[in-house]
Amino acid sequence: MQAKMLKELFERGVVAAVSILPEPMSRGWIVSFRFKGEDGTVSLQTARGGVRVFSSLDTAVSSIEGITGRKPTSMVVGV
């Protein structure tokens, strides 16, 4: 899903959580959104419909800030 639509959904209050996950095939990071009342997740996509992969955590966090208008309040690192 593209950033514009995710921003609209966030503003409507249907986003339950946002996660940054490693993308092992490209050694980058993807941003994933979970919606209230739904089990699955949706990844941030490029304009061409592919999954957007960030080269650094900083750029992934900046993207989340652009969509939500908020800085992340916590970070959980999985091992």
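Which residues are buried in H1? Here are some friendly notes that start there and work through the rest of the fold.

1. **Ground rules.** This is a predicted model, in which local features need pLDDT of at least 70, side-chain atom pairs count only at pLDDT 80 or more, and totals for chains, interfaces and linings use all residues. Residues are numbered from 1 along each chain as its sequence is written, and side-chain values use heavy atoms, with hydrogens and water left out. Helices (H or I, at least four residues) and strands (E, at least two) are DSSP runs, numbered from the N terminus.

2. **Helix H1.** In H1, the buried residues are Leu6, Leu9 and Phe10; buried means under 20% relative accessible area, exposed over 50%, and partly exposed in between, with a 1.4 Å probe and protein chains only. These residues cover an arc of only 100° around the axis, which puts them on the same side of H1. The arc is that of the directions from the helix axis to the C-beta atoms. Lys4, Glu11 and Arg12 are exposed on the other side of H1. The buried residues of H1 pack against E1, E2 and H2, where contact means heavy atoms within 4.5 Å. Just after the helix, Gly13 has a positive phi of about 85°.

3. **The sheet.** Three strands form an open sheet in the order E1-E2-E3, with antiparallel pairing. Its edge strands are E1 (15-23) and E3 (41-43), each of which pairs on one side only. From one strand to the next, the twist averages 30°. Two strands pair if DSSP finds at least two bridges between them. Eight bridges link E1 and E2 in the antiparallel sense, while three bridges join E2 (residues 28-35) to E3, again antiparallel.

4. **Partners across the strands.** On the E3 side, Val42 is the bridge partner of Phe33, and Arg34 stands opposite Thr41.

5. **The two hairpins.** The hairpin of E1 and E2 has four residues between the strands, and Arg27 takes a positive phi near 60° in it. In the hairpin of E2 and E3, with five residues between the strands, Gly37 has a positive phi near 80°.

6. **Strand E2 and Ala17.** Six of the eight residues of E2 are buried, so this strand is largely enclosed by the rest of the structure. Ala17 belongs to strand E1 and is partly exposed, with a relative accessible area of 24%. Leaving aside neighbours within four places in sequence, Ala17 is in contact with Ser32, Phe33 and Arg34. Ala17 and Arg34 are 17 residues apart in sequence, yet 5.2 Å apart in space, C-alpha to C-alpha.

7. **Helix H2.** H2 has twelve residues and reaches 16 Å from its first C-alpha to its last, close to the 16 Å expected at 1.5 Å a residue; the expected span is 1.5 Å times one less than the number of residues. Its buried residues are Ala60, Val61, Ser63, Ile64, Ile67 and Thr68. Seen down the axis of H2, they fall within an arc of 155°, so they line one face of the helix. They pack against H1, E1 and E2. The helix lies across E1 and E2, running at about 160° to E1; axes are lines fitted to C-alpha atoms, for helices over the stretch in contact, and angles run from 0 to 180 degrees between N-to-C directions. Gly69 follows H2 with a positive phi near 75°.

8. Ser63 lies in H2 (residues 57-68) and, at 13% relative accessibility, counts as buried. Not counting residues up to four places away in sequence, Ser63 touches Leu44, Arg52 and Phe54.

9. **The core.** The largest nonpolar core has twelve residues, among them Leu6, Val15, Phe33, Phe54 and Ile67. Such a core is a set of buried Ala, Val, Leu, Ile, Met, Phe, Trp, Tyr and Cys residues joined through side-chain atoms within 4.5 Å. The elements giving two or more residues to this core are H1 (3-12), E2 and H2. Phe33 touches residues including Leu6, Val15, Val42 and Ile67, not counting residues up to four places away in sequence.
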